[in-house]
Amino acid sequence: NTNFYIEMPGRRPEVPVTVYTKNIWLITAIERESEAALGYSLSVLHNYGDSDVVACIRNSLVPWKRRNLILEGVNYDEGDAFPSAVGLDFICWDYFDLDNAKAHLSSASLNTIEKTTGAIPAYGPIERPNVRALIENFHANLQNAAFKQWKGKKCFNIRAIEDAVDLLLAKYNNSPTDGESVVRLEVCKK
């Protein structure tokens with residue numbers, strides 16, 4: 001939860017719109033074996049919806065490309081990427097773990113999961129995050145490592161947020177899991 005303003009493109013790109021938000025939702029698909037982030041989507045609305053879940057799934061499948069970052073002083077390192085950029089695009093999954101959020105239960109989300117990826121949706125119990133420890137820990141670590149550093153800032157450019165998340169997740173994929181020496185992307189390729 002946050003309390004700040006986000007500047008976004010308006011109807012005319014040269015006239016930005018500033019909106020107040022309390023939440024930035026990061027919807028992420030994580031591969032269980034490698035713990036690699038397959039894809040993500042962002043929402044700054046009060047709650048995220050089925051279109052955000054569908055966007056996350058789509059972004060997990062289509063070939064990823066590095067963004068032209070507007071952030072100063074940071075850039076992608078060699079090897080920073082998503083699995084879809086290293087030959088693992090349009091890969092189908094066996095099952096897809098979800099919680100019971102309304103956005104996950106929608107027909108748009110279910111159709112995308114079942115028809116596009118061939119996966120079986122696997123819903124965890126309500127209000128039992130320990131069952132989904134991998135994704136819950138991923139988001140807790142991400143929040144502690146990155147987003148808390150932004151505390152106190154009152155206005156953000158949406159493009160800067162998108163760049164920061166993309167860069168952070170690409171770097172995450174190019175790092176090993178705890179206690180391992182092989183990076184997540186290499187584990188994912190196996």
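Student: Why is Asp163 called buried?

Tutor: Before that, a word on the ground rules: this is a predicted model, where local features need pLDDT of at least 70, side-chain atom pairs count only at pLDDT 80 or more, and totals for chains, interfaces and linings use all residues. Residues are numbered from 1 along each chain as its sequence is written, and side-chain values use heavy atoms, with hydrogens and water left out. Now, Asp163 has a relative accessible area of 0%. Buried means under 20%, exposed over 50%, and partly exposed in between (1.4 Å probe, protein chains only), so Asp163 counts as buried.

Student: And what makes Arg67 partly exposed?

Tutor: Its relative accessibility is 25%, so Arg67 falls in the in-between class.

Student: How do you know that Asp163 and Arg67 form a salt bridge?

Tutor: You need a side-chain nitrogen of Lys or Arg within 4 Å of a carboxyl oxygen of Asp or Glu. For Asp163 and Arg67, the N to O distance is 2.6 Å, so the pair qualifies.

Student: Why do you say this pair ties parts together?

Tutor: Asp163 sits in helix H5 (residues 158-173), while Arg67 is in the loop between helix H1 (50-61) and strand S5 (95-98), so the pair joins parts that are 96 residues apart in sequence. Helices (H or I, at least four residues) and strands (E, at least two) are DSSP runs, numbered from the N terminus. Arg67 and Asp163 also belong to a network of salt bridges with Arg159 and Glu162.

Student: What makes Lys171 and Asp80 a salt bridge?

Tutor: Their closest N and O atoms are 2.9 Å apart, so they pass the same cut-off. This pair also links distant parts of the chain: Lys171 is in helix H5 and Asp80 in the loop between H1 and S5, 91 residues apart.

Student: Is Asp80 buried or exposed?

Tutor: At 3% relative accessibility, Asp80 counts as buried. Lys171 has 29%, so that residue is partly exposed.

Student: Where does the pair Glu14 and Arg12 stand, buried or exposed?

Tutor: Both Glu14 and Arg12 are exposed. Their side chains meet in a salt bridge at 3.4 Å, N to O.

Student: How many salt bridges are there in the whole structure?

Tutor: The search finds seven.

Student: And what does the protein have in the way of secondary structure?

Tutor: There are six helices and seven strands. Of its 190 residues, 37% count as buried.
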